[in-house]
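Reader: I'm new to this one and would like to get my bearings. Could you walk me through a few spots with some questions and answers?

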Protein chains: 2
Amino acid sequence: MSKSIFYHAGCQVCVSAEHDIISLLGADKVEVVHFGTNKARIAEAEKAGVKSVPALVTPNGNVLHINFGASMADVKG
Amino acid sequence: MSKSIFYHAGCQVCVSAEHDIISLLGADKVEVVHFGTNKARIAEAEKAGVKSVPALVTPNGNVLHINFGASMADVKG
């Protein structure tokens, strides 16, 4: 994959980090996935190693957990 | 300031995140500060809101704590 993927859950910490990441990387370099509207992708994120949101999965597959908004357990509810 | 500043302390988590951040943003967009060799800048980082390393301070002053390597208390020893 050539884009990073930013996973979040709409929390305040997530939205703030989303703005920063898009500003730093450029909107064309980041796919934003909001679990609140796209629960189908939770499994994919967990498989990639996402433990909490917001998180950025880089093109080479590394996971950067950025600040802390919510655990994946919270996301799954 | 126009560059982001990446603060770290040489830990494994820090070095891995440094590679990712430089790869994502470009080396010319990030100033890297290693507290192990530059303790004089610890106070500046704390003033900016850095609580743990690795952390990225964006050009607009937001702090992104990325994964978790060490607390600032650990950094100061």
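Reader: Is Leu25(B) buried or exposed?
Author: Keep in mind that this is a predicted model. The cut-off for buried is under 20% relative accessible area. Leu25(B) comes in at 9%, so it counts as buried.

Reader: Which helix does Leu25(B) lie in?
Author: Look along chain B for the helix that covers residues 12-25. Leu25(B) belongs to that stretch, and the helix is H1.

Reader: Leaving aside neighbours within four places in sequence, which residues is Leu25(B) in contact with?
Author: Some of them sit in the other chain: Leu24(A) and Leu25(A) are on the list.

Reader: How far apart in space are Leu25(B) and Pro54(B)?
Author: In sequence, 29 residues separate Leu25(B) and Pro54(B). Going from C-alpha to C-alpha, the distance is 15 Å.

Reader: How much area is buried between chain B and chain A?
Author: The contact takes 17 residues from chain B and 17 residues from chain A. Carbon and sulfur atoms give 56% of the buried area. The area itself is about 1200 Å².

Reader: In chain B, which residues lose the most area to chain A?
Author: There are three names to pick out, and together they make up 45% of what that side buries. They are Asp20(B), Leu24(B) and Leu64(B).

Reader: Which element gives the most to the side of chain B that touches chain A?
Author: H1 and strand E4 (63-71) of chain B each supply at least two residues of that side. The top contributor gives six residues, and that is H1(B).

Reader: How about His8(B), is that residue buried or exposed?
Author: His8(B) has its place in strand E1 of chain B, residues 4-8. Its relative accessible area is 4%, so His8(B) is buried.

Reader: Which side chain does the side chain of His8(B) make a polar contact with?
Author: Not counting residues up to four places away in sequence, His8(B) touches several residues, including Cys14(B), Val32(B), Phe35(B) and Pro54(B). The polar contact between side chains has a distance of 3.4 Å, and the partner is Glu18(B).

Technical notes. Residues are numbered from 1 along each chain as its sequence is written. Chains are lettered from A and ligands numbered from 1 in the order in which they are written. This is a predicted model: local features need pLDDT of at least 70, side-chain atom pairs count only at pLDDT 80 or more; totals for chains, interfaces and linings use all residues. Side-chain values use heavy atoms; hydrogens and water are left out. Helices (H or I, at least four residues) and strands (E, at least two) are DSSP runs, numbered from the N terminus. Buried means under 20% relative accessible area, exposed over 50%, partly exposed in between (1.4 Å probe, protein chains only). Contact means heavy atoms within 4.5 Å. Buried area is the accessible area (1.4 Å probe) that two parts lose on being put together, summed over both. A polar contact is a pair of N or O atoms within 3.5 Å; within protein, one must be able to donate a hydrogen and the other to accept it, and residues adjacent in sequence count only if both atoms are side-chain atoms.
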